Number of protein chains: 2
Amino acid sequence: MSELNLEAAACACAAEIMGTLPLIMRTIGAEMHRRHGTELSAPQFHALRVIEKHEGASLSFLARHLASGLPSASKLVDGLVDRSLVARVTAPADRRRVLLSLTPPGRAMLEAFHQEAVTYLSTHLESLTDEEQHAILRAMSILRRRFALNGDMGCPGAPQQGATA
Amino acid sequence: MSELNLEAAACACAAEIMGTLPLIMRTIGAEMHRRHGTELSAPQFHALRVIEKHEGASLSFLARHLASGLPSASKLVDGLVDRSLVARVTAPADRRRVLLSLTPPGRAMLEAFHQEAVTYLSTHLESLTDEEQHAILRAMSILRRRFALNGDMGCPGAPQQGATA
DNA sequence: TATTGTTATACTCTATAACTATA
DNA sequence: TATAGTTATAGAGTATAACAATA
């Protein structure tokens with residue numbers, strides 16, 4: 001019965017997560033949208049974050065991290081390149097591939113939006129006790145380890161070689 | 001300096017949340033999409049959850065909870081009504097308004113998807129220790145209180161009366 | 001006149017399929 | 001032949017503006 005209890009506890013955890021995370025994400029999204037309109041959509045913000053963390057990422061790599069298809073990622077990048085937020089150049093070593101990187105304006109906009117979201121979020125957390133804040137930090141640390149993308153889903157630019165197998 | 005530290009701690013919390021929550025949400029979304037394709041999109045799932053929790057909600061109420069405009073909500077509901085997942089009837093007391101409710105198939109589909117998401121999530125949490133699971137439960141409880149919609153954003157069907165002012 | 005909701009139109013995001021270019 | 005990416009086309013979601021119906 002201890003295994004059964006473990007599973008029940010995991011499900012209880014999962015249900016709480018399903019009841020809480022979407023609420024927080026919508027709260028942040030709504031506030032950012034209220035302040036900046038359609039200046040930077042959630043997919044665009046996400047794409048910038050991936051490219052920032054993986055400078056020189058290929059389009060396939062981005063698509064995997066976006067959990068979307070190549071055409072979607074390609075079109076998304078089109079818009080970011082048109083607005084000079086992302087640079088897209090052909091890879092010298094393999095001219096089929098592209099290398100993505102942030103332009104200085106792209107980096108600046110990403111940093112500004114991220115900082116603004118963090119600051120907004122923190123207004124909801126300031127009145128918490130030290131102990132409560134530490135509980136959140138600890139939970140985030142546990143969750144991040146559990147949900148971290150396995151092996152970074154391949155090198156930023158390298159072709160896929162059975163990452164899931 | 002203690003106030004400064006409190007603010008810094010809140011920002012650190014916020015940054016961890018920004019680094020963790022989107023990752024989890026994308027993981028769930030990608031898995032659900034992998035299993036069910038476009039059978040039920042995230043906005044549709046969210047709309048069903050709001051209507052389930054607030055039977056008889058008006059379109060305005062739904063739009064507020066979706067953090068979207070009335071036309072978006074109207075079109076979203078169009079699709080759900082066309083698929084017989086949601087019932088939309090004119091309110092007898094005020095014929096300008098509509099009352100939204102789940103149909104039995106709508107309720108069944110929502111329950112199935114929610115249960116599946118919870119079960120999938122729980123597979124990531126089963127191997128955690130009791131203490132780690134409790135840390136997550138506690139953090140979710142704290143966060144949910146902080147981000148709960150104030151006063152439910154008005155009664156489900158009632159007109160807005162300066163909720164933000 | 002104010003409020004609820006819909007329709008018209010446009011843009012972003014995503015998906016599938018067909019295509020190009022490179023390896 | 002296989003892989004990386006783009007283009008073509010279609011559908012969902014959202015926004016603004018204009019409109020209809022009701023209060």
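The sulfur of B:C13 lies 9.8 Å from the closest cysteine sulfur, in B:C11, which is too far for a bond. A disulfide is a covalent bond between the sulfur atoms of two cysteines. Here it is counted as a pair of cysteine sulfur atoms within 2.5 Å. Over all chains, the structure holds zero disulfides. B:C11 is in none, and its nearest cysteine sulfur is that of B:C13, 9.8 Å away.

This is a predicted model, where local features need pLDDT of at least 70, side-chain atom pairs count only at pLDDT 80 or more, and totals for chains, interfaces and linings use all residues. Residues are numbered from 1 along each chain as its sequence is written, chains are lettered from A and ligands numbered from 1 in the order in which they are written, and side-chain values use heavy atoms, without hydrogens and water.

| Residue | Relative accessible area | Class |
|---|---|---|
| B:C11 | 28% | partly exposed |
| B:C13 | 0% | buried |

Now chain A. Buried residues make up 41% of its 165 residues. Chain A has six helices and two strands. Helices (H or I, at least four residues) and strands (E, at least two) are DSSP runs, numbered from the N terminus. From that end, the elements of chain A run α-α-α-α-β-β-α-α.

Helix α3 (residues 59-66) and helix α4 (residues 70-82) of chain A pack at about 105 degrees, with axes 9 Å apart. Axes are lines fitted to C-alpha atoms, for helices over the stretch in contact, and angles run from 0 to 180 degrees between N-to-C directions. α3(A) and α4(A) are therefore roughly perpendicular, a label for angles of 65 to 115 degrees. Contact means heavy atoms within 4.5 Å. Among the residues in contact are A:L59 and A:L62 of α3(A), and A:L70 and A:A73 of α4(A).

Next comes helix α5 (residues 104-123) of chain A. At 1.5 Å a residue, its 20 residues should span 28 Å, and its end C-alpha atoms are 29 Å apart, which agrees. The expected span is 1.5 Å times one less than the number of residues. Buried residues in α5(A) include A:G106, A:M109, A:L110, A:F113 and A:A117.

How do the chains relate? A rotation of 180 degrees with 0.0 Å of shift along its axis superposes chain A on chain B, with an RMSD of 0.0 Å. That is the relation of a two-fold axis. Copies are superposed by least squares on C-alpha atoms of residues with pLDDT of at least 70 in both.

Notes
Buried means under 20% relative accessible area, exposed over 50%, partly exposed in between (1.4 Å probe, protein chains only). Angles under 35 degrees count as roughly parallel, over 145 as roughly antiparallel, 65 to 115 as roughly perpendicular and the rest as oblique.
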